[in-house]
Amino acid sequence: MAIDAARQAEPDGASSPQATAACAHCGLPVPAGLLTPGQPLQFCCHGCRTVYEVIHRCGLDRFYRVRQETDAAARPAHTTERKYHEYDDPVFRQLYYQSLADGSQTVEFYLEGVHCAACVWLVEKLPRVLPGVIESRLDIRRALVEVRWDESQVRLSQIARTLDSLGYPPHPAKDAQARKLRRQEDHRFLIRIGVAGACAGNVMTLSFALYGGVFTGIEAQYSHLFRFASMVFGVVALAWPGSLFFRGAWAALRTRTAHLDLPIALGLAAGGVAGTVNAIADRGEIYFDSLTILVLLLLSGRWLQRRQQCWANDSLELLFSLTPTSARRVEGGRIVDVPIEAIGPGDVLEVRAGESVGADGKVCDGRSAIDQALLTGESRPAAVAPGDAVHAGTVNLSARLLVRVEAVGEQTRVGKLMQLVEQHSRSRAPIVQFADRVAGRFVRVVLALAALTFALWLWIEPTRAIDNTVALLIVTCPCALGLGTPLALTIALGRAARRHILIKGGEALELLGRGGTMFLDKTGTITAGRLAVVAWTGEGALRPLVAALERHSAHPIAQVLAASSGSAPSPLAGEGRREAGRFPAPPSPPAPLPQGERGEERPTASNHATPFGSTPRVSDVRQTMGGGIQGTVDGRSLIVGSPKFVRASGASIEAEMAAAESAIIASAATPVMVAIEGRVAAVVGLGDPIRDEAPQALALLERLGWRVRILSGDHPEVVAAVATRLGLDGPDARGGLSPEDKVACVRQAAQSGPVVMVGDGVNDAAALSAAGVGIAVHGGAEASLAAAQVYLDRPGLMPIVELIHAARNTLRAIRRCLMVSLCYNAICGGLAIAGRISPLWAAILMPISSFTVLGLSYAVRTFRGRP
Amino acid sequence: MSVIYVVLPLAAVMAAAGVAAFIWSVRRGQFDDLDTPAIRILHEIDVTER
């Protein structure tokens, strides 16, 4: 069964398991360094192995079939192996547990890694895996699971550990109360739509009888009954669901702001009062058919808008649930898991390799490399030794560290950044929506026309003055704005989502369609965000030898060299998954190679001769901290390391190699020298490769009306080198910026026009939330995801170009809708002023107007055409 | 035609019943999550198969 599942999990075309080993869990190719010869099951990373073993042990192998049946995309799993002991803590209990009447408890978790139908299956199988869990229900859109369990049988920490070991690390969802309130608000809104729909349907039926009567005659008693019944339904529709618009208009009046509710409420009120008076007096026109339909359509438009906003709120909540909840404190000689809240300045924490640091502090024991890309944007790992400062949220890459805590929680660098994000997302100047801008002018024109009509008819025929004015107010009710605009935006969002561009709100599209300044982060946005071989001068034939030697080292640079034994200079560019956020994967997995590269590569595992070609034989390996590595490979002595280290070993350097070294330094990459038999034979440049499509994407963005600039926390020289390659001017590319500097840049630019920020890290999160629109790129940290309104779920920069293009198309479509409905309004308004409009005409023309608008919104070719 | 005096209120009562049913289902949370149940129903079939 297990092996069957592994076969099924393999992607198409993976015919022989040896030649192209696919991970038994996620089906992605297994990196050469992690192949275990002779095993039927291969894993691409530790997370996948753990998850596979748990799934298999629990007899849930069907997961792989479910995944295949539902055609879900596979992803490498990621587990944290945390103990979650703090979840049983009384403090935690009070904060998150909810007790039910039958004695069971419920808790809500946000789960990482939930992405497909098979995930729903697996998570909801929790009661079978863990006796004592009564029910587990997942909401896949929000990645929110509600677990109900019996405390006497199982503890929450066990449940959390199980979820983690299945590849879904849980995070407690805060603010259950706020979520409940919002859900109730949602319910009220839906009920309003339901009532409005029922009223509109019934009034419509009655109207058919009445209009039939207009042509064939109808007895006065029945006509009176139908008009009276229409009035009852109409008044219910206006007083209950329609009250939303009256309240909105009242608020707009009090704050003296233009709002779309104003002209809507005006039309509804005029029609409602006149209709009621006429129905009771049994004379003149009633307008309830048009009015109830208007209420229904406009409410539907509001509902669409509301759903977008709720989605945005959900993702923000996710952000604030993501703070780490425990740390390992050294107490005497023992190491104890404690809730993060219990950590205070002066404590000593243990941080193992591959873990993120839980608090700001100073290293008191151990040497390691720290990945600070999240905080600073610096692409090179920084070496730390006792006495050096480390920050919460950064990732310890190579060895165990002991850290003396100096700041915790909100006092840490990352905590302060999170506060900035929260603050900015609250104070973000709202984008004045197109519809509201138009509404201000619209309401003035309509009121002027109404006054004109009233005066005109008072002069011509006073008895018809009120009727004609009311007719004008009703037919000019701005349906296109209230319905067409949200619909066009929602359609665009849906189509974007299918192209893996997730947009949290329609306003973002409106701003993106205009043009202005676009700031891009460098690390992880313009570049791939990790080290790779960007230059190789000298003997290419040495690459497999270098790779074989470097497999004996755990240093980050060694791992890059070990993984790049293939022939292409950097097959990894633009690909690969960058583990970011506060949930670092073990540092080991190098990005999987594309299938095509695999054939040329020799699948070598250290010291194991395999039947697939000659493996370089490595012996006498010696490593020097901060220098390099040397050894005997295939009988020849090989030294790989920093130029200083290789020079010190006495190797001879030709002028050509020295020139290559300076060229690499000039391009802001890190040089590594390779000496064989005492002679430098190759110089390797290691850097963060620029994404292949970056120059083209930037050029297209410029053409679409955006001024592109770079904001980076990386070293200014590196930024300048990247800017030169992309053809940007010096002042447009700024390096060495702190997250706060980035926010300042964004704010400054925001004074002179729309600003878009594109980034991926926690260090960009504040700037993303400060900008008019923040775009988080693929593989970005969860924090940047939550702070941004747009998330690109596809690697590369081209989705940004598509997005801008789509935004422009959508904006154009909205304007087109508006023009069409203005034409209708002009015709109907003209007829009303002339006193020629009858309710029948209104009833025919208004739906036509609405449906034209709906049709036009659907017909937008959001993504067609070339940018 | 005078039956309309009975039928019309009857229709109104039926409409009210429909609305009441809708309100009940909304309050029960049946419209809270529109994505997962579509997936869940596929899984529940294979539970009965076992």
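Guide: Welcome! This is a predicted model, where local features need pLDDT of at least 70 and side-chain atom pairs count only at pLDDT 80 or more, while totals for chains, interfaces and linings use all residues. Residues are numbered from 1 along each chain as its sequence is written, chains are lettered from A and ligands numbered from 1 in the order in which they are written, and side-chain values use heavy atoms, with hydrogens and water left out.

Visitor: How do you know which residues of chain A and chain B are in contact, and how many are there?

Guide: Contact means heavy atoms within 4.5 Å. By that rule, 32 residues of chain A touch 26 residues of chain B. The two chains bury about 2,400 Å² between them, 65% of it on carbon and sulfur atoms; buried area is the accessible area (1.4 Å probe) that two parts lose on being put together, summed over both. On the chain A side, A:His187, A:Ile191 and A:Tyr222 lose the most area to chain B, together 21% of what that side buries.

Visitor: Why are A:Glu124 and B:Arg40 called a salt bridge?

Guide: The term asks for a side-chain nitrogen of Lys or Arg within 4 Å of a carboxyl oxygen of Asp or Glu. A:Glu124 and B:Arg40 have an N to O distance of 2.6 Å, so the pair qualifies. The count between chain A and chain B is one salt bridge.

Visitor: Which element of chain A gives the most to the side that touches chain B?

Guide: Helix 8 of chain A, with nine residues. Helices (H or I, at least four residues) and strands (E, at least two) are DSSP runs, numbered from the N terminus. The residues on that side of chain A divide into 17 nonpolar, five polar and ten charged.

Visitor: What makes strand 25 and strand 26 of chain A a pair?

Guide: Two strands pair if DSSP finds at least two bridges between them. Strand 25 (residues 755-759) and strand 26 (residues 773-776) of chain A have four bridges and run parallel, so they pass. Within this pair, A:Gly759 stands opposite A:Ala776.

Visitor: Why are strand 17 and strand 18 of chain A said to stand at the edges?

Guide: The open sheet of six strands has the order 17-22-21-20-19-18 in chain A, with antiparallel pairing. Strand 17 (532-538) and strand 18 (618-624) each have a single partner strand, so one side of each is left without a neighbour. Inside this sheet, strand 21 (residues 670-676) and strand 22 (residues 679-687) of chain A pair over seven bridges, with A:Met673 opposite A:Val683.

Visitor: What makes the contact of helix 11 with helix 15 of chain A nonpolar?

Guide: Ala, Val, Leu, Ile, Met, Phe, Trp, Tyr, Cys and Pro count as nonpolar, Asp, Glu, Lys and Arg as charged, and the others, Gly among them, as polar. A:Leu262, A:Pro263 and A:Leu266 in helix 11 meet A:Ala439, A:Phe442, A:Val443 and A:Leu447 in helix 15. The contact therefore divides into seven nonpolar, no polar and no charged residues. The axes of helix 11 (residues 261-281) and helix 15 (residues 434-460) of chain A come within 8 Å and cross at roughly 35 degrees; axes are lines fitted to C-alpha atoms, for helices over the stretch in contact, and angles run from 0 to 180 degrees between N-to-C directions.
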